[in-house]
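Hello,

Here is the structure I promised to pass on. My notes follow below it.

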Amino acid sequence: MIEVEALAARAGAFELRDVSFSLPHGAWGIVLGSAGSGKTTLLETIAGVRAAASGCVRLRGADVTQVVPERRGVGIVYQHALLFPHLTVEQNVCYGTHDPQHAVGLARRLGAGPLLARGVRELSGGERQIVALARALAPGPDILLLDEPLAAVDPRGRTRLRRELRALQRELSLTVLHVTHDLGEAGTLGDLAILLEGGRMLQAAAPEQLFRRPVSAAAAEFLGAENVYAGSASPLESGAGDEPGTMLFRAGSLRLVGLAAARVPIAHAVIRGEDVVLARERAGTSSARNVLEGVVSEIVKHGALARVTLEVGELPLVATVTAGSVSELGLLPGSRAVATIKATAVHLC
Amino acid sequence: MGSRGAHRVAAAGVVAGALLLLVLLALPIAALVLRGGMTGLEQLGSDRELRHALLLTAQTAIVATLVTVMLGTPLAYLLARDRVPAGTLVGALLDLPLLIPHPVAGMALLLAFGRASPAGAALAQLGLAIVGSRTGIVLAMLFVAAPLYVSAAREAIARVDVRYESVARTLGDSPIRAAWRVTRPLAGRGLLAAAVVMWARAVSEFGAIVILTYNPKVASVLSYDRFTGEGLDAALPVAAVLVILALVPLLVLRSLRAGTALGEPAR
Amino acid sequence: MRPLRIAPLVALLACARPDAAAAAGADTVVVFTAASLAVPVRAALDSFARRTGAVVQQENGASLELARRITELGRVPDVIALADQELFPQVLVPRAASWYVRFARNRMVVAFTGRSAGAARLTASNWYEVLARSGVRVGRSDPRLAPVGYRALLLYRLAEGYYRLPGLASRLEASTPPALIRPNASELVALLQAGELDYIVDYESLARANHLRFVTLPPAIDLSDPARVSDYARATVRIARRTDTTTYAGAPIVYGASVPRAAPHPAAGQHFLSYLLSPAGQAVLRAHAVDALRVPELVGDSVPPALRAMRR
């Protein structure tokens, strides 16, 4: 398992500050963030090749902050593989282990068998990542750090590699920390998602939680929430049976009932597009607390899905629905439509 | 004249400039070899003093280069990886010997390591003296040429991505082992080139050496000796032979760069 | 770095001419001086420049190297002044110069510093004992290259006769192994000052120029007295070089100077040399501890009229 507490590190002028999370043994952690947010610095500090400025790193329950990298039992795979150019593939793979047979076996298992005798420069991006993976795993670490391993791989190779990684992780009970800027990878692979921005950790939670309940507007926007409104909230006065935490959010003429996750001053409301239900007319009564009427201003189709933008008052509301629904409802730019959103889907932060 | 024409003119200018510099450098050497080369080579058979001087030059220059490579490479590594406190200052200090006029450098070495100095007294205990000895020759060569090696080696090492070492560390290597197994082979060509530059500089040194050691004579001192004692015609063959003989190791080493470098598998 | 801004500055610097005065049309005099003469001749040149407004350029170096510059490299000064006239007949005359003038006396001395072994007890009468002692490091010039080198050997031979100690000359020679032989006086001085040598055997002019302590030797052996020519000539030494062997006999040491044949400004050169040899010039030289001859001696032919008046 990987635990960091108030971890800080420096990389040139860049500073990583106050990062804390706990990744259980055998779990898959995802580190999300835009370029320059400190993801690589975090990995290097956990691996020990970069010294922590303050805070602590615990691996398998033991404090390893002062331990040298060669004794931490951590494998690392960089984005561009960084295979040793002066060695063959086989020499690369066997570099860190005294058991070349095991290393070669592992490489073959990952599909690098035919590459073994080759020089490093002849390999494609995907081939390099496989070799780098074999090299990192050959000494038998139980913790693996991956820095955007799929970024330099072509789409077809990416699917295969993702599958192999998952299988290996389960088989070898690896604790994996995986850096990516691709939200899709976070969704499919992660047990824990850690969001970094500007060297700070914004949030660490299960991916579901991260997407549904982002801790701030910045987090929400990075995570691709389609609707983020700036405004203010106040506790709901009326209605028996309203849970504490339910609040009324105002942004311009928009009124939303939503849930606040934390006791911070509310400044934003976040609604994911897929949580917006569209209809041509108001239904009768429903459990949804938010029913908004508006005019369709834009419809963008992405394969089977469609993004429908509704002008509600002066603000846009984006709904993600199936393309089929769009045609069934007969929605066109200029049509009137009704959007329904459950209060539980309106996240206030 | 369109932009293509302008390009041609610019290209011609670049070529002309390059040719000019090459001619500037090659002409004196050609004159030297043409005027003294044959005589010098002929003399090799009969001129014991010349043979001894060439051998002494080769030996001392090689020793100076080896010592510098052994001591200077770790220093260059630390400088390249920014592990030296006040690294910029240290780097600048290391370049200072290059600025000192050579005879002055010789005198500085006398002050620091001569018999009257504490270091010199310690050397004397070991039976070593820098005046009139091979030790003095090696020391003078080292002083004027080592900065060249350290600078160039530092560049060569800095060009090797430090993350290779990081990966090697996570694979179980100690810092020294990682630098040896990964950085050294990858910087190999650059280090070799740096050593060649240093060796060549050591072979050509005169001013600092002659202050410390006149006898036994290295080739540069011998050519000066012949010039003052007998005239230009006696000095040129010495210098010409030195140039011709030095060409061999220089060519061998430079061709190694184009081929396999140390540690890299052949392709 | 703004290379564009720096470039004009560099260009300006490169074009700057430190010798701008030369363009003004004043007389130029280029003088080569042996290292040990540098300071006295500089003083004379400055005084000359003040009187005449001439532009003076001085180059110092080892005597033999200066001579080679003229004969081998074709770089000719207007005046060449050496601390030992021997190089004139040996190297410069008749190819590069047709005459020369002897203008001051010099002598062999033993120079040392406060650190030299045995210096506290050193006198003019026991110097040879101190130098011949084992472990004492004595430096001298290479006799194959410099007159002062074989003059030192002649000194040793004269001393052997004077003190009536057979074998003294070889013992004194042995106190200088090859490692302590140098081509030039400048290295000897550096080594002496650094404590690598205890004593050097060289000209008095050199010892004075470098502010070294020295012991004055008996005139019978130190090659200083023009009246003792025949006495000095009794000592001889054979020097074997790569291409020939020469035998030198003892002779008084005098400073020599000349205006070479191919001097670029011969008139200006003669002008300065006349000044140097005049009472005014002699006074300047004596003020710098150069033992100037009251009447300089001219050797050779086709001496310019300006200097002929000095002929004895």
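pLDDT is the predictor's confidence in each residue, from 0 to 100. Where pLDDT is low, the predicted coordinates should not be read in detail.

This is a predicted model, in which local features need pLDDT of at least 70, side-chain atom pairs count only at pLDDT 80 or more, and totals for chains, interfaces and linings use all residues. Residues are numbered from 1 along each chain as its sequence is written, and chains are lettered from A and ligands numbered from 1 in the order in which they are written.

Scores: ipTM is 0.80 and pTM 0.81. Chain C has a mean pLDDT of 87, with 91% of its residues at 70 or more.

Chain C splits into domain 1 (26-106 + 253-308) and domain 2 (108-249); the bounds come from an automatic or database domain assignment. Their C-alpha centres are 26 Å apart. Between them, 17 residues of domain 1 contact 17 of domain 2. On the domain 1 side, helices H2 (38-52) and H3 (63-71) of chain C each supply at least two residues. Helices are DSSP runs (H or I, at least four residues), numbered from the N terminus.

Chains B and C also meet: 20 residues of chain B contact 21 of chain C. The largest share of the chain B side, 5 residues, comes from H10(B).

Best wishes

Notes. Two residues are in contact if their C-beta atoms, placed from the backbone, lie within 7 Å.
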